[in-house]
Amino acid sequence: MAKWVYSFGNGAAEGRSEMRNLLGGKGANLAEMSSLGLPVPPGFTVTTELCTHYYANNQTYPAELKAEVEGALAAVEKIVGAGFGDAANPLLVSVRSGARASMPGMMDTVLNLGLNDRTVLGLAKSSGDERFAWDSYRRFIQMYSNVVLDVGHHYFEEALELRKEDLGVHMDTDLKAQDWRTVVGEYKKIVEKRIGKPFPQEPREQLWGAIGAVFGSWMNQRAITYRRLHSIPESWGTAVNVQAMVFGNRGEDCATGVAFTRDPTTGANIFYGEYLVNAQGEDVVAGIRTPQHLTVQGKLAQKSDAPAMEEVMPEVFKQLATVRHTLERHYHDMQDIELTVQRGKLYMLQTRNGK
């Protein structure tokens, strides 16, 4: 019988990097980093073969998939010490696509999945930070609604800008817990108006919706055109990566960043990257705030006044420098990495050969 789900985390993994065709590039490298003992949040990968099965069987899943996903989810709950859908101590996850060939047009990442009107209160209590919890919830509603429910980003951006105007503030970081709570209410009204039903509150419904959206993105027009232009077979399919959330937006000792283990322009042996304090992944690429350099060398080269990670988070930077050397030694190539810092601890979210 086929195995559809492969777990990783806690220094172990069922997959390896050479299983790229089955686990996709992202899933294979998450498994590999986990096996190397690097700090990877636990999770699981639903295989590319499942995507192929899905389309070969009238967009249906094999009967045994649900039990495999539940088993893998339970393993993540055990490692993290939180429950998926638990109102008091909720486990939240991210959902990402990951084909064996990197492709534009695939589904964007969904973060903070598992939040609803009950678990947001549990997150506020367990984190001790009500603002963080409601900020995470509004991010989730916007991301999920856009990539899974097909509600345009601009509806949410407009509502947020109007709220900021009303409050007389310019930055998202100026909004307080009650402000985000109000924004969440407005976002939910937008969803109900656009799709004719309320935003899904059941975490498992949210999860299966996101998994289905990943497979759906394999057959969107942009992906189909890209495959045709680059001779990528439809039968390759895409994998789905479900991973426990770590939070870069939980305070001043938290951050998110992207980096290359060398200068991608010249190939020089210089650590090259950017990070944002108290932010989630999409903030770095969205251009809402100006990212800061990882290294003092990078900061000086760009004549920036903003402090480098090397200066403000020296211990984290030391961990990251070790990871950088470990990855280069292992892969024998420049790596393009994504990272999150939560409460002063480094977590690796992705590595791939740099271009």
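Two strands count as paired if DSSP finds at least two bridges between them. In this predicted model, that criterion matters for a hairpin made by strand 12 and strand 13, which have 2 residues between them. The protein comes to 13 helices and 13 strands. Its radius of gyration is 20 Å, close to the 20 Å from the globule rule for 355 residues, so the protein is as compact as a globular protein of that length.

**Overall dimensions and surface**
- Along the principal axes, the C-alpha atoms fill a box of roughly 55 × 50 × 40 Å.
- Buried residues make up 53% of the 355 in the protein.
- The accessible surface is about 15,900 Å², and 50% of that area belongs to carbon and sulfur atoms.
- Of the contacts between residues at least 6 apart in sequence, 64% join residues at least 24 apart.

**The hairpin and its sheet**
- Strand 12 (residues 335-342) and strand 13 (residues 345-353) run antiparallel and are joined by 8 bridges.
- One of the bridge pairs consists of Glu 338 and Gln 350, the latter in strand 13.
- In the turn of the hairpin, Arg 343 has a positive phi of about 50 degrees.
- The open sheet is formed by 5 strands in the order 11-10-9-12-13, with antiparallel pairing.
- Strand 11 (292-293) and strand 13 stand at the edges with a single partner strand each, so one side of each has no neighbour in the sheet.
- Helix 13 (residues 314-331) packs on the sheet and touches strand 12 and strand 13; the direction of helix 13 makes about 30 degrees with that of strand 13.

**Glu 274 and the strand 10 side of the sheet**
- Glu 274 lies in strand 10 (residues 272-277).
- Strand 10 and strand 11 run antiparallel, joined by 2 bridges, and the bridge partner of Glu 274 in strand 11 is His 293.
- The relative accessible area of Glu 274 is 33%, so the residue is partly exposed, given that this class lies between the under 20% of buried and the over 50% of exposed residues.
- Leaving aside residues up to four places away in sequence, Glu 274 touches Thr 256, Gly 257, Val 258, Pro 291, Gln 292 and Leu 294.
- Asp 179 is 95 residues from Glu 274 along the chain, and their C-alpha atoms are separated by 29 Å.

**Helix 4**
- Within helix 4 (residues 119-127), the buried residues are Thr 119, Val 120, Gly 122, Leu 123, Ala 124 and Ser 127.
- Strand 5 (90-91) and helix 5 (130-147) are included in what covers these buried residues.

Conventions:
Residues numbered from 1 in each chain as written. Predicted model: local features only at pLDDT ≥ 70, side-chain atom pairs only at ≥ 80, totals over all residues. Heavy atoms only, no water. Buried < 20%, exposed > 50% of the residue type's maximum accessible area, 1.4 Å probe, protein only. Helix = DSSP H or I, 4+ residues; strand = E, 2+ residues; numbered from the N terminus. Contact = heavy atoms within 4.5 Å. Axes fitted to C-alpha atoms, helices over the stretch in contact; angles between N-to-C directions. Rg over C-alpha atoms; globule rule 2.2 N^0.38 Å. Areas by Shrake-Rupley, 256 points an atom, 1.4 Å probe, with all protein chains shown as cover.
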